[in-house]
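Trainee: I would like to learn how to read a protein model one feature at a time. Where do we start?

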Amino acid sequence: MTENKTKATKASVGDYVAALPDETKRSDAKALIKMMKAITGEPAKMWGPSIIGFGSLHYVYESGREGDMPLLAFSPRKPAIVLYGLRGAKDADAKIAKLGKVTTGKGCVYVKKLADIDMAALEKLARESAKTNKAKHK
């Protein structure tokens, strides 16, 4: 079985955010760090080279594959900010649809900029998802 490539690192979150070339992405990253830290009570850590995560969960799939992942996370990539860990909430798809201008993947939500979405709805969804994810992966 292959090992999970995305692991917590000792890289500096501050340095990573400061090096983002786009001012909007830097500002949005700082806002997400503040929100996710408040929700999880955990400091921001780099997971791999480009994911900023909060807390840690250990998962085991039915296939036997297991590993660790952040409770909540995001990655401020060039085309969009990728949000991770938001599917834990009850009726997550309906709640994600209420965020505003987003697209979704199998396990993540993509947003061009935070100004495009309802931040109160995002915070509520993130809070509920973090609580559910934490309870599920004890």
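Trainee: Where is D91 found?

Mentor: This is a predicted model, and in it D91 is found in the loop between β6 and α3, the latter covering residues 92-97.

Trainee: Is D91 buried or exposed?

Mentor: D91 is exposed, because its relative accessible area of 54% lies above the cut-off of 50%.

Trainee: What is there to notice about the phi of D91?

Mentor: The general idea first. Most residues other than glycine have a negative phi. In this structure, D91 has a positive phi, near 55°, and is not a glycine. A positive phi is also found at G41, which follows α2 and has a value near 75°.

Trainee: How many residues does α2 have, and how far does it reach?

Mentor: Helix α2 runs over residues 23-40, which makes 18 residues. From first C-alpha to last, α2 reaches 26 Å, close to the 26 Å expected at 1.5 Å a residue. At the start of α2, a side-chain oxygen of D22 comes to within 3.2 Å of the backbone nitrogen of T24.

Trainee: Which residues of α2 are buried?

Mentor: Again, the general idea first. An α-helix has 3.6 residues a turn, so residues three or four places apart point the same way. In α2, the buried residues are K25, R26, D28, A29, L32, I33, M35, M36, I39 and T40.

Trainee: What covers the buried residues of α2?

Mentor: The cover includes two helices, α1 (13-18) and α4. It also includes the strands β1 (44-47), β2 (51-54), β5 (72-76) and β6 (81-84).

Trainee: How is empty space found in a model?

Mentor: Rolling a probe the size of a water molecule over the atoms shows where empty space is left. Here the largest pocket has a volume of about 850 Å³. It is lined by 24 residues, and those closest to its centre are Y59, Y61, M69, G85 and G107.

Trainee: Which element supplies the largest share of the lining of the largest pocket?

Mentor: That is β3, with three residues. At least two residues each come from β3 (57-60), β4 (66-69) and α4 (119-136). By type, the lining divides into ten nonpolar, eight polar and six charged residues.

Trainee: Which strand holds D68, and how accessible is D68?

Mentor: D68 is in strand β4. It is partly exposed, with a relative accessible area of 37%. D68 and L57 are eleven residues apart in sequence, and their C-alpha atoms are 5.4 Å apart in space.

Notes. Residues numbered from 1 in each chain as written. Predicted model: local features only at pLDDT ≥ 70, side-chain atom pairs only at ≥ 80, totals over all residues. Heavy atoms only, no water. 1 Å grid on protein atoms, 1.4 Å probe; cavity = no way out; pocket = protein on both sides within 12 Å on 5 of 7 lines; lining within 4 Å. Points joined across faces, edges and corners; volume = space filled by probe spheres on them. Helix = DSSP H or I, 4+ residues; strand = E, 2+ residues; numbered from the N terminus. Nonpolar A, V, L, I, M, F, W, Y, C, P; charged D, E, K, R; others polar. Buried < 20%, exposed > 50% of the residue type's maximum accessible area, 1.4 Å probe, protein only. Expected span 1.5 Å × (residues − 1). Contact = heavy atoms within 4.5 Å. Polar contact = N/O pair within 3.5 Å; in protein donor to acceptor, adjacent residues only side chain to side chain.
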